[in-house]
Amino acid sequence: MTLHGWGWLAALGLLLFGVSRDAFAREPVRRALVVAFNGTENPKRPPLQYADDDGLLWMDVLTRLGFETQLLTVADSDTARRRPPLLDRAVPPTSTALATAVSRIAQANRADRDAGRSTEVMVVYVGHGDIAEDGHAFLTLLDRDLDASALYSRVIDALEADFIHLLVDACHASGVIGSRGELDPKALRRLQGMLERKELERRPHVGVAFAESDTGQTHEWSRWRAGVFSHLARSALLGGADINGDERIEYSELQAFVSAALAGLENAPSSLTIHTTPPAQAPRRPLRTLPPSGPALTLAPTRARLRLSIEDSGGTRLVDVHRASGERLRLVLPTRERYWVRTPDGEASLSRAELEAGMPALNPLELGDRGPVAERFREGLFRVPFGRAFYEGFATTSGIVPVELPASAEPLPEDRVHAPSAQEANAPPAWELGASLSRAPLGAGAWAMGVTGAWRAGLFPWRPGVQVAYGIAPRSWLNGGTLHRISVLGTLGWETPRPLSATAELGAGWTLLGVTAPWGHQADLGVLTGRAAAGLRFPFQGLTWRAQAHLLAEWATRDGARQWNLSPGATLTVAL
């Protein structure tokens, strides 16, 4: 390549830097603060068993979803004996440690805001909620209480974030499945008052999600080593609640998913309900957006319902779902060496590479549950499948702000009962913007640098779309003339929905070729053009990129005669 060509490559790099910088600026910086504490000073409420385990899992999951996460917890003897790696990054949940963590996040938020980036913080509390003798409600820390005033003034307001999501899993119960310490109705109303809308009216940027029961109890389950609400919320955020396939989880999807999971419980110790209040200034603000690249299980729609759970090799339950027939499912998972995928009829142990290949063949189950209470929860939780029909009915009756749903798909034929294939999954349409470098048109011995934009329908594996491009090759034509190329092409591409996918694409359309020069201007307005391209689509820094090598074929007029001109080149685009 000539020195002139290398100069254009350098300019192309600067252009791509500007494109990526603008794309990053639109994506908020996400941070998370997780506080999890088993203990309580109330002798009527024995310590919890799994709040510390919940805290570690929340940190694991939120980190996987792209949040910079801080954890405040202290492990009980059982958790400490298992020595989970993330425990080394935790600090005890004291009021001083909480203030330090909040200050650290606020400082980072201010720096990002000064740099033009928006900020978002998720605050998760897992532990005891209680009522003091003077009647005020509080959440429990290691050394003191966190009442409503302190929660909002010292935590929520002090974080200085553009948006805050507050998830609370308090008033846990202890035991295999059970509850401890019922709250009287008056006390329950005071505790709810910390979280309900009246406390949020002056904070339209804050959203809240929490669970309650008809007795003020929530539950832990030893099978999950977690609180029921925490596990359901994590399953929702990992992809179980994504009803429209846009990789975003909104408050309405979280609430509907958890409600579906709880709808099958009968004769349970108490009736659980989830409450959500999205930020008033942005009711459709997602709790989760497109996650970074990493382990994922993508399952295409099938006629049969799909109920499954995924654990790691240490037995930690990562996610549970029961997806209705005809619904696509993509579960984003914390990084592990191996995973156990289980359904009611079978199980399989998979490596990460095997997991990303789709649903495996399952072996007969080797283990079973024991005990009537465990059986009640095992049969009741996730008994009702979650799908579009449930979501639309739930949205209508509950009055939540619903997500935008794609047009209804055609019913699946009776013989479409098979293991899901990642290649059959659908996704929302994609807009892309980027830069290109190609040989100049008309056989000029120079390089043309330009910009390109594309729209692709979310239909896998075939993706129809449209591409618009502009290229310029300064002083590359006779007597210092500058060549211009403007093209509009219809395209048809092939790729898979996996985060890393090979791509191939053909396009055809029209191009305008023009020359601007001191001696005058010329243009060919009707150049028949074809394009063939191949490359990769890949995730990087939370964005989806596409790199392709291409060959342009233009039926253009030169020296009074029509002839084909071939121009090799490359493009790099980022999804908006």
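**Exercise 1. Determine which residue of strand 2 is the bridge partner of leucine 33, and how strand 1 is paired and covered.**

In strand 2, glutamine 70 is the bridge partner of leucine 33. The model is predicted, with local features needing pLDDT of at least 70 and side-chain atom pairs counting only at pLDDT 80 or more, whereas totals for chains, interfaces and linings use all residues. Residues are numbered from 1 along each chain as its sequence is written, and side-chain values use heavy atoms, with hydrogens and water left out.

Step 1: Strand 1 and strand 2 (residues 68-72) run parallel and are joined by five bridges, where strands are DSSP runs of E with at least two residues, numbered from the N terminus, and two strands pair if DSSP finds at least two bridges between them.

Step 2: Strand 1 also pairs in the parallel sense with strand 3 (residues 119-127), over eight bridges, and in that strand valine 124 stands opposite valine 34.

Step 3: In a regular strand the side chains alternate between the two faces of the sheet. In strand 1, Val29, Arg31, Leu33 and Val35 lie on one side and Arg30, Ala32, Val34 and Ala36 on the other, and all are buried, that is, under 20% relative accessible area with a 1.4 Å probe and protein chains only, where exposed is over 50% and partly exposed is in between. Because eight of the eight residues of strand 1 (residues 29-36) are buried, this strand is largely enclosed by the rest of the structure.

**Exercise 2. Identify the residue whose side chain makes a polar contact with that of threonine 503.**

Step 1: Threonine 503 belongs to strand 24 (residues 501-517) and is buried, its relative accessible area being 4%.

Step 2: The side chains of threonine 503 and glutamine 548 are joined by a polar contact of 3.2 Å, a term for a pair of N or O atoms within 3.5 Å of which, within protein, one must be able to donate a hydrogen and the other to accept it, residues adjacent in sequence counting only if both atoms are side-chain atoms.

Step 3: Among the other residues that threonine 503 touches are Trp494, Leu536 and Arg546.

Conventions:
Helices (H or I, at least four residues) and strands (E, at least two) are DSSP runs, numbered from the N terminus. Contact means heavy atoms within 4.5 Å. Lists of a residue's contacts leave out its neighbours within four places in sequence.
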